[in-house]
Amino acid sequence: MISLSFLCHSAMKPSCRIMSSIRKSTLFGFSPVKIHNGSAKNGNLSKFCVNFEQKSQYHTYPGRVLGFGSVLSDTQKAFKVPNWSFGQSGVVSRSFITRGGCVIAGIEYKGREFSTSVETRVNENNFERIYVQGGVNVKPLVVERIDKDENVVGEEQSRIEVAIDENVEGVDEQAKVLSSEREFSDIEKEAWRLLRESVVTYCGSPVGTVAANDPNDKLPLNYDQVFIRDFVPSALAFLLKGEGEIVRNFLLHTLQLQSWEKTVDCYSPGQGLMPASFKVRIVPLDENKFEEVLDPDFGESAIGRVAPVDSGLWWIILLRAYGKITGDYGLQERVDVQTGLKMILNLCLTDGFDMFPSLLVTDGSCMIDRRMGIHGHPLEIQALFYSALRCSREMLAVNDGSKNLVRAINNRLSALSFHIREYYWVDMRKMNEIYRYKTEEYSTEATNKFNIYPDQIPLWLMDWIPEEGGYFIGNLQPAHMDFRFFTLGNLWSIVSSLGTPKQNEAILNLVEAKWDDLVGHMPLKICYPALEYEEWRIITGSDPKNTPWSYHNGGSWPTLLWQFTLACIKMGRTELAEKAVALAEKKLRADRWPEYYDTRTGKFIGKQSRLHQTWTIAGFLTTKMLVQNPEKAALLFWEEDYELLEICVCALSKSGRKKCSRGAARSQILV
């Protein structure tokens, strides 16, 4: 029997040790994954964990990331799960736990340093000073393996045997019952096996899944890392199956990485930036001792050196999903989680030169992480940004320290929804309006506010858009509209209610009408149409991976299936989701779960596609569970918030110069 020990120390109270017994050597039902480049292989990690009987030295560190504090608010609802509070948050570690990870054999080793430049890098008008009070130089949660007969009781330290709380155990009971109501098919059994084989462990606990686990891949590049965006479908699959521990670990460990120093050519981005990915590395020390460390990538190693703008947004979305599905809202209340949430929001809501409420980003800062002409205000980022703001509005503790942030969130939500609904939307009526635009209008009452030239309307679009359908364009900037259809952005516009009910219905009408173009042999196109010929050469820089109808340039990505299913369930169009699932089910297993498909109709496996791609596998499993249990989908999407429609920052201004066009637009667009 293996025992886990969580150590807590406070200057005010005696330190306590809480024991939780686990009878299986594979924690939480997972076998440790094989990790590339000198890492431990399946089941062999325990060989390195030796010399745990050495004398312990205890050190106190300010608890920031994995402390046990919580933030409560009178405005928040009562939570189902009891909140564990240990007084002053802190972590007491043994000498074999290092700043970067867990020493396998008992030697203290200084790993990668955290950032300590709080005063110089946090604006004085910041919404929360908790980082200054608690500090950012912190150690990870300490998990010790000890023998059950070890004598650790001292005068100032007590051992508390903690049985599993019945209430906590029942958190995932409903999800487990739902997942066991039916027998899995052969393809689902294989998918679950592959998903579990992709699980990565850190200090004995599961913390994520690798991007791809192709045994024949001799050059994995960064596909052997845990990506935040890639892990989302894996997390949902585990949550819907009642296995929330891996998701909780992932959220806390990635939150810890948020405070690490991240520098490219002597310049550091904003402090709230979340990493694109991380890898668990086993570093040799001396005398046959090893250390596990988390090695994050904030974009300094990525192709093009682009910061992952969407990582923090996905993290917020997943944090809400974890609470909704498991009922463990206590995680959202923790001081470290609340602080990390505020830092991401502070980074996104920072004032700049932009005149629009949408986020301004560079090319390659999201799922499309290569040059594809999406720099500016791409729809995908705006839809995820809107979703993250709605999540934060639910989770943020309302108090004197956060009221300014809450006000900023409400104002941005209102402005962003109006901006996207009014200026990004195209259907036959809007197309005809753009076709007749006058240009060079200098007036606050101009119709063509972005000075769009009608000749920008591509010839393919005039015949392509159906009478009863419409969609949000891919990008909008002065004198530029990107008329390509980007699937992820449109799907999340439906899921988050960024679009109106009529607009959301029109998007699915378009997908149904243009099924052969957007779905074809494999759902779904990442964008449509592909850049070809001279346009491909200029916009992509002749990217050999993004050739026409391949990869990000019109490739078909099965991982989009779970997001399409979520949108269909919300709009009551489950027949479309079931049709898409049936297509994917025919090919994915036989094709060994590729990352993407090529050609105009998605007939061929991508020429550089990894096999056993984890988010393809997890996306399929999540889709199947959502279709079987559509009531669970309601936990993951949002309905229209009519209160936001009444909020307008213009009404707060005493200046007569601001003229709001919201009233005129409401009668035309809003339902």
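This is a dialogue about a predicted model and the terms used for some of its residues.

Colleague: Why is serine 417 called buried?

Modeller: Its relative accessible area is 3%. Buried means under 20%, so serine 417 qualifies.

Colleague: Where is serine 417 found, and what does it touch?

Modeller: Serine 417 is in helix H13, residues 403-423. Leaving out residues up to four places away in sequence, serine 417 touches Tyr386 and Leu498.

Colleague: What makes the pairing of serine 417 with the backbone oxygen of serine 414 a polar contact?

Modeller: A polar atom of the serine 417 side chain lies 3.0 Å from that backbone oxygen.

Colleague: Why are cysteine 391 and cysteine 527 called buried?

Modeller: Cysteine 391 has a relative accessible area of 0%. Cysteine 527 is also at 0%. Buried means under 20%, so both cysteines count as buried.

Colleague: Now the rings. How many aromatic pairs does a search of the whole structure find?

Modeller: The search finds 22. One of them joins tryptophan 314 and tryptophan 492.

Colleague: What makes the pair of tryptophan 314 and tryptophan 492 edge-to-face?

Modeller: Their ring centres are 5.5 Å apart, and a pair needs centres within 6.5 Å. Their planes stand at 80°, and over 60 counts as edge-to-face. Hence the name.

Colleague: How do you know that this pair links distant parts of the chain?

Modeller: Tryptophan 314 is in helix H9, residues 309-326, and tryptophan 492 is in helix H16, residues 487-495. They are 178 residues apart. Both tryptophan 314 and tryptophan 492 are buried.

Colleague: Why is the pair of tyrosine 471 and phenylalanine 485 called edge-to-face?

Modeller: The centres are 5.5 Å apart and the planes are at 65°. Tyrosine 471 lies in strand S14 and phenylalanine 485 in strand S15, 14 residues apart. Tyrosine 471 is buried at 0%, and phenylalanine 485 is buried at 2%.

Colleague: Which residues do ring pairs link into a cluster?

Modeller: Trp460, Trp464, Tyr471, Phe485, Tyr528 and Trp549.

Colleague: What makes lysine 579 sit over the ring of tryptophan 515?

Modeller: Its charged end is 4.5 Å from the ring centre. The distance cut-off is within 6 Å. Lysine 241 lies over the face of tryptophan 192, at 5.3 Å from the ring centre.

Conventions:
Residues numbered from 1 in each chain as written. Predicted model: local features only at pLDDT ≥ 70, side-chain atom pairs only at ≥ 80, totals over all residues. Heavy atoms only, no water. Helix = DSSP H or I, 4+ residues; strand = E, 2+ residues; numbered from the N terminus. Buried < 20%, exposed > 50% of the residue type's maximum accessible area, 1.4 Å probe, protein only. Polar contact = N/O pair within 3.5 Å; in protein donor to acceptor, adjacent residues only side chain to side chain. Contact = heavy atoms within 4.5 Å. Phe/Tyr/Trp six-rings, centres within 6.5 Å; stacked < 30°, edge-to-face > 60°. Lys NZ or Arg CZ within 6 Å of the ring centre and 35° of its normal.
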